[in-house]
Structure formats: structure tokens, C-alpha cells
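Subject: Structure for your review

Dear colleague,

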Amino acid sequence: MTQLKGPRYDFIKLVSTRAVWRFATVAVAMTGAAYAKDADKAAVPPRELQGKIAYCENCHGVSARGFHGYYPIPRLAGQQPEYLKNQLQAYIERRRTNNIMFNVAHVLDPAMLDALTTNLHNLDPKPLVGPAPKELLAAGKKIYDEGLPNSDVPPCASCHGPEAKGDGQLPRLAGQLSDYLFNKLTNWTKERGQDPKNPDASSIMQPIAHSLTEQQIKAVAAYVNTLE
Ligand code: HEC
Ligand code: HEC
């Protein structure tokens, strides 16, 4: 990593020291504590929670493992609660544009958000693997573990973790649908960070998504899709 240079890389390096992320996690944890107090007052009745999860599974698949429909719908199982909450909030605030998820998210109250994201985090179904070709896996693993020093791309592992499990607002990528990942990485600036007055964590991924070629995205997406 040390051979990477340039102001953009310095910025990324700063963030990927994880000191910043630990700080972010503390901030989010404090918000979580505030939510927890609210949740104590108005705990979500188990039947209501199960009903809501069943509703999410209509689109996100059995055990929220993802679903290949008209377009790929992401896996939510095992995802980091802070990341899930931030994305749901991003849809509500239109920082991340998607009309379907705006409609789903804007009716969720804080207690339900807390209960849902904890519950989804605890699901652990096997990844829904495919349809990416297997011969891309080795190249994908190399990008994931080592980055692309010539293109200023740091190792994905430095932020998303060696096993791609994520941490705080850094999402889990393990087991995520490869075609969903492909769509997100090729459309990054059209969907995320859409409110310049309200910048968010999406700006950290933006230069990385931008620097990857379609072939490199296919490879790294195929690789993380196979991780449990
Ligand atoms: C009508 C179908 C539908 C339903 C119901 C639905 N979703 Fe989604 N969800 C989607 C689609 C489509 C996407 C991908 C949108 C995008 O790419 O921005 C998505 C994306 C998401 C994401 C972003 C995931 C990521 O990896 O960034 C989260 C979080 C999410 N949904 C949570 C939920 C939760 C929680 C529920 C239930 C309360 C739910 N969804 C119900 C269709 C649905
Ligand atoms: C400097 C830290 C950092 C590095 C390095 C990094 N990411 Fe990310 N990544 C993030 C952050 C932060 C987010 C959450 C963005 C948001 O909240 O919108 C993210 C989100 C993503 C998402 C969206 C996940 C979803 O469910 O929609 C994908 C895909 C992704 N990263 C892939 C990669 C790949 C592939 C690499 C390596 C080539 C990589 N990232 C390297 C910080 C990083």
C-alpha cells in the first residue's frame, strides 16, 4: 500500500486507517443507544416485526439472501446494522435515489428500524452464487486483497475487512449478488451522494468505483459473491 501516492490516495489512506471509522462507529453507537432507549419504551411486538421481515423477503428473497428478479435485489442477511440504517436513511433523504426503497423506508419508525436491522444482521443463509464465471475468481481475489496500485485503488480488504464482513457503516460484501454489485459500482455517482448539501460515506467509495474497469468490477464482484 505504501507505494500508492497522490492527494486522493492520502485521503483514502486517512479514512482507511480505521481510526476515523472507529470514531464513526462510536458516533453511530451513541445514536444506537438513543434509539435503544426509545425501543425500550415502544418495543416492536414480535408479530409486527415478523410481518415486516416477511414483507422485505417478498423482494429480498428467503432469509433476505437476495433475489434475481427483473433486476438483482441485494442480500440484506448478515449486513452491518449501521450500514443498513444509514442506507435506509439515505433513501428517505434522497441522498440515495431509488423510488421503491423510498416508499419502503419512509414509513419505518426508529424502533422498527432498530429491530429490523438487528434481525437482518443475525440471518446467515448460504450465498446465492452466480451467474458470474468461475475463471474470474482468482483475479477478483487479487483486487480484493491487494487493490490496484497503478490505478490508485487501495485493497478493498483495508476497509471492508479481510473476510468482507464489513464494520459499522462499511458494508459487508460477502455473499452479495454479483450482478447487484456490478450495477452499483458502475452507477455509483448516479445513485449515491445525490444531496451535495448533505455529504455522506458514499463519497469515500466514489473514486474507487470510478477507477475500476468493468472487467475488474466483474472479477471482484464474482469473488466476494462466493464468500460466506
Ligand atoms: C418492492 C420490493 C422491495 C421491498 C418490499 C423491499 N425492498 Fe429493499 N430494495 C429493493 C430494491 C429494488 C433495492 C435496490 C435499490 C438500489 O439499488 O438502490 C433494495 C435495496 C435495499 C437496501 C440497500 C442494500 C444495500 O446493500 O445497499 C436496503 C438496506 C433495503 N433494501 C432494505 C429493505 C428492508 C429493511 C425492507 C423491508 C422493510 C425492504 N428493503 C423491502 C426492493 C425492495
Ligand atoms: C477507503 C475505504 C474503502 C475502500 C478501500 C473500499 N470501500 Fe467499498 N465502501 C466504502 C464505504 C464507506 C461504503 C459505503 C458507502 C455508502 O454509505 O454509500 C462502501 C460501499 C461499497 C459498495 C456498496 C455495497 C452495497 O451493498 O451497495 C460496494 C459494492 C463496494 N463498496 C465495493 C468495494 C470494492 C470492490 C472495493 C475494492 C476495489 C472497495 N469497495 C474498497 C469504503 C471503502
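Two residues are taken to be in contact if their C-beta atoms, placed from the backbone, lie within 7 Å. Helices (H or I, at least four residues) and strands (E, at least two) are DSSP runs, numbered from the N terminus. This is a predicted model, in which local features need pLDDT of at least 70 and side-chain atom pairs count only at pLDDT 80 or more, whereas totals for chains, interfaces and linings use all residues. Residues are numbered from 1 along each chain as its sequence is written, and chains are lettered from A and ligands numbered from 1 in the order in which they are written.

On the helix pair: Leu49, Lys52 and Ile53 of α3 meet Met112, Ala115, Leu116 and Asn119 of α6. The residues of this contact divide into 5 nonpolar, 1 polar and 1 charged (Ala, Val, Leu, Ile, Met, Phe, Trp, Tyr, Cys and Pro count as nonpolar, Asp, Glu, Lys and Arg as charged, and the others, Gly among them, as polar). The axes of α3 and α6 (residues 110-121) come within 10 Å and cross at roughly 65°; axes are lines fitted to C-alpha atoms, for helices over the stretch in contact, and angles run from 0 to 180 degrees between N-to-C directions.

On the ligands: the shell around ligand 1 holds 20 residues, of which Cys56, Cys59, Pro74, Asn98 and Val104 come nearest (a residue is near a molecule if its C-beta atom, placed from the backbone, lies within 6 Å of it). α3 (46-60), α4 (81-92) and α5 (99-105) each supply at least two residues of this shell, and the largest share, 6 residues, comes from α3. By class, the shell has 13 nonpolar, 4 polar and 3 charged residues.

Ligand 2 is surrounded by 29 residues, the closest being Cys156, Cys159, Ala201, Ser202 and Met205. Here α11 gives the most, with 4 residues. This shell comprises 19 nonpolar, 7 polar and 3 charged residues.

On the interior: a nonpolar core is a set of buried Ala, Val, Leu, Ile, Met, Phe, Trp, Tyr and Cys residues joined through C-beta atoms within 7 Å, buried meaning that 20 or more other C-beta atoms lie within 10 Å of a residue's own. The largest such core has 20 residues, and Tyr144, Val220, Ala221, Tyr223 and Val224 have the most contacts inside it. The largest share of this core, 7 residues, comes from α12.

Yours sincerely

Terms used. Buried ≥ 20, exposed ≤ 12 C-beta atoms within 10 Å, placed from the backbone.
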